[in-house]
Amino acid sequence: MLLGICHLGTAADVSEAAPTNSPPWRLESESGGVALYSSVHPGSSLKKFKAVGLIEAPTRVVHNVLDDVEGYPKFMPFTAECRILKREADEFFAYQRISPKIVSDRDYTIRIRQKSWPRDGGTCYTSDWEPANECGPAERKGVLRVKLCEGGWLLEPDHTVKTRATYSIFTDNGGRLPAFLANAASGIGIRKIFAAVRRQVKDPKYYEDRDFLGAAR
């Protein structure tokens, strides 16, 4: 489910500047400080999801947590394996294997593009991904390859000490799971991701001026 699940949308899809002809978002639920929205995706019974919530840390710290890709197995839900394959300019490629427990393991390789820009109160960050299985390991027996995994994070400063985080996803984890169960699982998984990030930002190491993707700053 990931990068931190799997998801849909470029930064434009996540932001308030979405095209006016896009299907409208509908509020699914609001609890634990996270508002979960869904939208129909033309030609699919699977929904596109967006979640918005505050995180008690500056955007730079939340960004550092999300950049700690190879640490995901320690704190992100369902993540059994996650590693960076290569970096190119402002993008990198990561392989991830998830273990949802109720179904067999899934894996995929994705291309992640990042951007940042200053704004009053701090820095905005986006991280958007799309499938790139051709750039990763071959399929392996007993692990279902995910072919559709698109999504992104948008981190915006809420004053100087909080982050307004928007997470969106559109994914097909494959297999024979009925669409209504897959949609329900996505909503549960998104809330678990927010909970995991909120816990992880309390670790002092993410306040340090370091690059969690491995390159010196």
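A salt bridge is taken here as a side-chain nitrogen of Lys or Arg within 4 Å of a carboxyl oxygen of Asp or Glu. The model is predicted, so that local features need pLDDT of at least 70 and side-chain atom pairs count only at pLDDT 80 or more, whereas totals for chains, interfaces and linings use all residues. Residues are numbered from 1 along each chain as its sequence is written, and side-chain values use heavy atoms, with hydrogens and water left out.

**View 1. Salt bridges around Glu81 and Arg83.** Glu81 is joined to Arg83 by a salt bridge whose closest N and O atoms lie 2.4 Å apart, and Arg83 counts as partly exposed, with 31% relative accessibility (buried means under 20% relative accessible area, exposed over 50%, and partly exposed in between, with a 1.4 Å probe and protein chains only). These two residues belong to a network of salt bridges that links Glu81, Arg83, Arg97, Asp105 and Arg140. The structure as a whole holds 16 salt bridges.

**View 2. The salt bridge of Glu88 and Lys86.** The closest N and O atoms of Glu88 and Lys86 are 3.4 Å apart in this salt bridge. Both partners are partly exposed, Lys86 with a relative accessible area of 36% and Glu88 at 35% relative accessibility.

View 3. The side chains of Glu130 and Arg113 meet at 3.0 Å, N to O. Because Glu130 lies in strand 7 (residues 122-131) and Arg113 in strand 6 (residues 106-119), the pair ties together parts that are 17 residues apart in sequence; helices (H or I, at least four residues) and strands (E, at least two) are DSSP runs, numbered from the N terminus. Glu130 is partly exposed at 28% relative accessibility, and Arg113 is partly exposed at 36%.

View 4. Strand 10 (residues 162-172) is mostly covered, with 8 of its 11 residues buried.

**View 5. The largest nonpolar core, with Trp153 and Val197.** A nonpolar core is a set of buried Ala, Val, Leu, Ile, Met, Phe, Trp, Tyr and Cys residues joined through side-chain atoms within 4.5 Å, and the largest one has 40 residues, of which Trp153 and Val197 have the most contacts inside it. Helix 4 (residues 179-200) gives the most to this core, contributing 5 residues. If residues up to four places away in sequence are not counted, Val197 touches Ile55, Val62, Val65, Leu66, Met76 and Trp153, a contact meaning heavy atoms within 4.5 Å.

**View 6. The cover of helix 2.** Helix 2 (residues 59-67) is mostly covered, since 8 of its 9 residues are buried. The buried residues of helix 2 are Thr59, Val61, Val62, His63, Asn64, Val65, Leu66 and Asp67, and Val62, Val65 and Leu66 are also among the residues that Val197 touches. For the protein as a whole, 49% of the 217 residues count as buried, and the secondary structure comes to 4 helices and 10 strands.
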